[in-house]
Amino acid sequence: MSVLQMETESAAVNERPSAENYLNCSHGFWSWAATRDHKRIAIMYLISVLGAFLLGGIFAILIRMELWTPQRTIMDHDTYNHTFTLHGAVMTFLFIIPSIPAAWGNFVLPVMLGAKDVAFPKMNLASYYLWVGGALFLLAAIVLGGLDTGWTFYTPYSTTTNSSVITASIGVFILGFSSIFTGLNFIVTMHTMRPVWMTWFRMPLFLWSLYATSIIQVLATPVLGITLTLLVAERALGIGIFDPKLGGDPVLFQHFFWFYSHPAVYIMILPAMGIISEIISVFSRKPIFGYRFVAYSSIAIALLGFLVWGHHMFTSGQSRISAIVFSALTFSVSIPSGIKVFNWLATMYRGSIILTTPMCYALSFIFLFTIGGLTGLFLGALATDIHLHDTYFVVAHFHYVMMGGTLVSFIAGLFYWWPKMTGRMYSEFWGRLGCFGVFAAFNLTFFPQFILGARGMPRRYYNYPPEFQLYHQISTVGAFLLGASLFVAAFTLIHSLFRGRKAPANPWGAASLEWQTSSPPPLHNFESDPCAGDPYDLDSQIYDPDLSGYRFRVESERLHSTNDSAI
Amino acid sequence: MLNQTAANVVGSQGQENHEQSHPRFLAHHFHSSEQQFDSGKLGMWLFLITEVMFFSGLFCAYAVYRSTHPEIFIYAHQFLDANLGATNTIVLLCSSLTMALAVRSAQTSQQKMLVVYLTLTLIFAAVFLSIKYVEYSHKWHAGLLWAGDFHPVAGHEHAHDGDGQDAGKTTVMPRDVGVFFSIYYALTGLHGIHILGGMGAIIWILIRAVRGDFNAEYYAPVDFVGLYWHLVDLIWIFLFPLLYLIH
Amino acid sequence: MDPKTMMAVSETDGGSFWFPTAGTQIAKEVDGLFYFILALSTFFFLLIVGLMLVFVVIYRRRPGYARKFAPDHNSTLEVVWSVIPAILLILIFFQGFTGFLDMRTPPAETYEIKVVAKKWSWAFQYPNGYIEGELHVPVDRAVKLTMTSDDVIHSLYIPSFRIKMDLVPGRYSSMWFQANQVGDFPLLCAEYCGTKHSDMLSRVIVHPSGEFEKWLEQASNLMSTLPPPEAGKLLYNRRGCAQCHSMDATARTGPSFSGTFGTSQPLADGTTVLIDENYIRESILEPMAKVRAGYRPVMPSYKGQLKDLEIDAIIEFIKSLK
């Protein structure tokens, strides 16, 4: 490849090539808005999805405030219904689904492959603008009459309510395209841009998880597109496919919707698991245990995830046989998830564990995801699901998986790749403190909801019986603490931008390729082609106090000691 | 595990042809034209898969209603003109042929033939849409619209099929016939939009072909638009019997 | 929320930490399965988190600690921790599956009650045609509900019986239960259905043996035994009017019943209407015909669900609210 050319290029632009990076190589609004650099697109995505997260978080806080008392606290029925719908829609479509693939996938994937960019940089930028367009439509829906259908858009409620369902559907439709573009781009990049020495089984596990995620994005998202198209046609023209009055079937909508939205759950959690696999291995200073099992389990989850959508509909009146089949398939998905958890534990076994901020988040992930996964068993079992369906038990379950899992992993990635992305180190003390706060407040918020649900508190309830007030109040207090802890985490990072010390190329001693380039990386990612190697050969890295980071061990240093000096 | 020295053999496909000339349409982040072409082709196939999934939602709706309300489909299909449908099938097959020839011309650098075949494909597409327009406007006047606006006009309510057996069935209209037309309009309408999109893409490559962008070295866009066009054609091949030829 | 149902909800709170009272045999089976899964989950949770914490403590990087050799894969181990959970999962699935079949298979002899849900009230129709907004059932007798919805999807949920089923417009769904405990139990809507979803509450009243029939007979004859305004008030409370129409001049989702009879009121289309017997009757049977200004057209029709005599009683009741 163009080693020569690249070196001459960079030398021509700047006398000191190492000082130039993707952040300072060009300036001005259009250098960002029209960029095709995957790293800049990742940063734009990162800021945008965090903005969406803030918006969704404000809705969440409003919901929790309203539920402080059993009756009206701060808003009326309709406002409450709008608020929880928008919380769900914004968090799902604008934040969680794009979060890890679009922000971390975009930033890390080409660098991990040693490539200059993703296969289709223009499409990547288009994907970002589609996200912006979809977000604008969703925001427009909020302004023009709001949305009160629940994020699931169930017919016939969604076809009869007078809120702006069409605008919101168009928004989600566009967001779907954004997601498809990202997935398609990643699959092609992984197929065609890998260096020859990087076989499939030498790819970092984060890439495996992104591959599995992309498969789901490409296969499932179009079904959401057609579902929403039909919903819009139903509302605008009355085509009647979901309308019982015209001979249609409202439950068909649920099948269509969950055919996408259940796999979408794995769009959310699979890349999160990928990040955890990276972090656990690096900070245990050990190769990931059972690499192939972890890699295959991602693919298994992605494929099995397509077969279980019916478990959202056990009470919808679907036939017994389908309920039973869906229940059985649902349990099959939990096996690969379990494999991952056990492999992470085995990775830590006899490791040399460093409790950095990303590692603290990764351990929180294991704790919270285990609860989220195990409570899924109550919902997969038919008899107990009938009781727990559509109660706060479900709410707690998916928040443990989506927020305790995906969000915590997203933040873990944020702290893990922050030095690479910005070139700055943050305060470990404040980072860990924020992590502890998030972990404790999260449990305070959501654990009481398991009890609420089992005791018969349905979800999406504005008023509730006074006996539940205590649990709701604990949950509300937790939500405020959770918000505060997230701000601590945010301030830790923002502070580092101004006061943090400069990050070395490899602060963590990781062996995957993104740590072989400078922090932040140059525009084309590598000054010279990176060294081939095993992404989990952590013994190849040794701490060098001169760099205050890690570098490759030279042959003479090898095998003398497996105990690196502490950070 | 690999050590550093052994590992310095780094992916460097296509290094040899790089120094001599940088192909005009090779993007900076690809090593070689082959890599770029393979990426584009894989991307196109993935895009076609999303299109198939997109339509498969509607085909599922079709299957569900066909199995739960077979009488509606048997009754309603006779309002579709199988002759026009068959003509359209032939028109689209011809357009696929000319598209394939266009790709061939691009691969063999026959620029003039490329322009001719692309123009022919465009004409066939336009004929398809015109026939579709005739069918739609006839149904519009007969009040044969989707379920919400399904108000058949008495005089127009005659079957297209010539044979007497089918005509006899028109006397009893089953309930909810509108659902058939909802699915009909959803499927053919969506397909029509794809034809329009395809025509846009063909116009784009036609302009580039006139400009002389394509040759045996670089013909990827023609190839990819061709793939897309064949898929749109293929979907119609499924639509035609499913909607027009029900017994 | 209706204070009466609210009280019913808290009165029956005699359950355990996890559950409200179990009012049926199946509820006890469900609880059994729940506790079984809970025990398994707790075991695995403690195992995973315990190991994680132990590893963090004993393998933490510290001066003088050297990492010992550990394998980076072990297929036997992988198979073990795939197969053992798989066996346990099959066990859980099987129990959930048998419990589900019990829940969905009614015995041959059942007492059938029809249910129609609409925004935001329930109507339970007994075999003699009597309709009420609360579900009365005899104890120790299998009851089958045949259910449908008038507008959007609702879901009938009785937490104490651990059962739940969606009511879908345009089709019938059914569920059954056999209450083995006399008392009042809350009944809720569990599928989001709009503004007052959380107020779509009712009660299940389980009558002691022999008393259900007496209650049904008495209740069915209300129209002939009570003076019309009082019968109208009962209907107002029992049939869902009270959800949206107040008795004290406050506007809720619908206009108040108080002090409107005989007045002229503006309509949404700009005209005015005299609130008389005909207008009330029309509004009950065809609510969309004349919608009062300032209110959304959301009232469901009661055509076929209120008898003429009952409509008359409601009219008399509204008349009495000066």
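**Conventions.** I am reading a predicted model, in which local features need pLDDT of at least 70, side-chain atom pairs count only at pLDDT 80 or more, and totals for chains, interfaces and linings use all residues. Residues are numbered from 1 along each chain as its sequence is written, while chains are lettered from A and ligands numbered from 1 in the order in which they are written.

**Confidence.** I took the complex scores first: the predictor gives an ipTM of 0.90 and a pTM of 0.88. Next I checked pLDDT, the predictor's confidence in each residue, from 0 to 100. Chain C averages 88, with 96% of its residues at 70 or more. Its lowest confidence is in helix H1 (residues 3-11) of chain C, at a mean of 44, and its highest is in strand E6 (residues 154-158) of chain C, at 96. Helices (H or I, at least four residues) and strands (E, at least two) are DSSP runs, numbered from the N terminus. I noted that residues 1-12 of chain C have pLDDT below 50, yet the model gives this stretch 28 contacts beyond near neighbours in sequence. A contact needs C-beta atoms, placed from the backbone, within 7 Å.

Chain B has a mean pLDDT of 83, and 84% of its residues reach 70 or more. I found pLDDT below 50 over residues 1-20 of chain B, a stretch with 35 contacts beyond near neighbours. Residues 159-170 of chain B also stay under 50, with 16 contacts beyond four places in sequence.

**Chain contacts.** Which chains share the most contacts? Of the two pairs in contact, I get chains A and C. This contact takes 76 residues from chain A and 73 residues from chain C. On the chain A side, H11(A) gives the largest share, 14 residues. By class, I read 44 nonpolar, 23 polar and nine charged residues on that side of chain A. Ala, Val, Leu, Ile, Met, Phe, Trp, Tyr, Cys and Pro count as nonpolar, Asp, Glu, Lys and Arg as charged, and the others, Gly among them, as polar.

I then looked at chains A and B: 41 residues of chain B are in contact with 45 residues of chain A. H1(B) supplies the largest share of the chain B side, 15 residues. That side has 18 nonpolar, 19 polar and four charged residues. No contact joins chain B and chain C, and their closest C-alpha atoms lie 12 Å apart.

I traced an open sheet of five strands in the order E3-E2-E1-E5-E8 (chain C), with mixed pairing. Strands pair if DSSP finds at least two bridges between them. E3 (131-132) and E8 (173-178) of chain C are the edge strands, each pairing on one side only. E1 (residues 111-118) and E2 (residues 121-125) of chain C pair antiparallel over five bridges. C:Val115 stands opposite C:Phe124 in E2(C).

**C:Val137.** Is C:Val137 buried or exposed? I count C:Val137 as buried because it has 22 C-beta neighbours inside 10 Å. The cut-offs are 20 or more other C-beta atoms within 10 Å for buried, 12 or fewer for exposed, and partly exposed in between, with C-beta atoms placed from the backbone. C:Val137 sits in strand E4 (residues 135-138) of chain C. Not counting residues up to four places away in sequence, C:Val137 touches C:Val143, C:Ala179, C:Val204, C:Val206 and C:Phe212.
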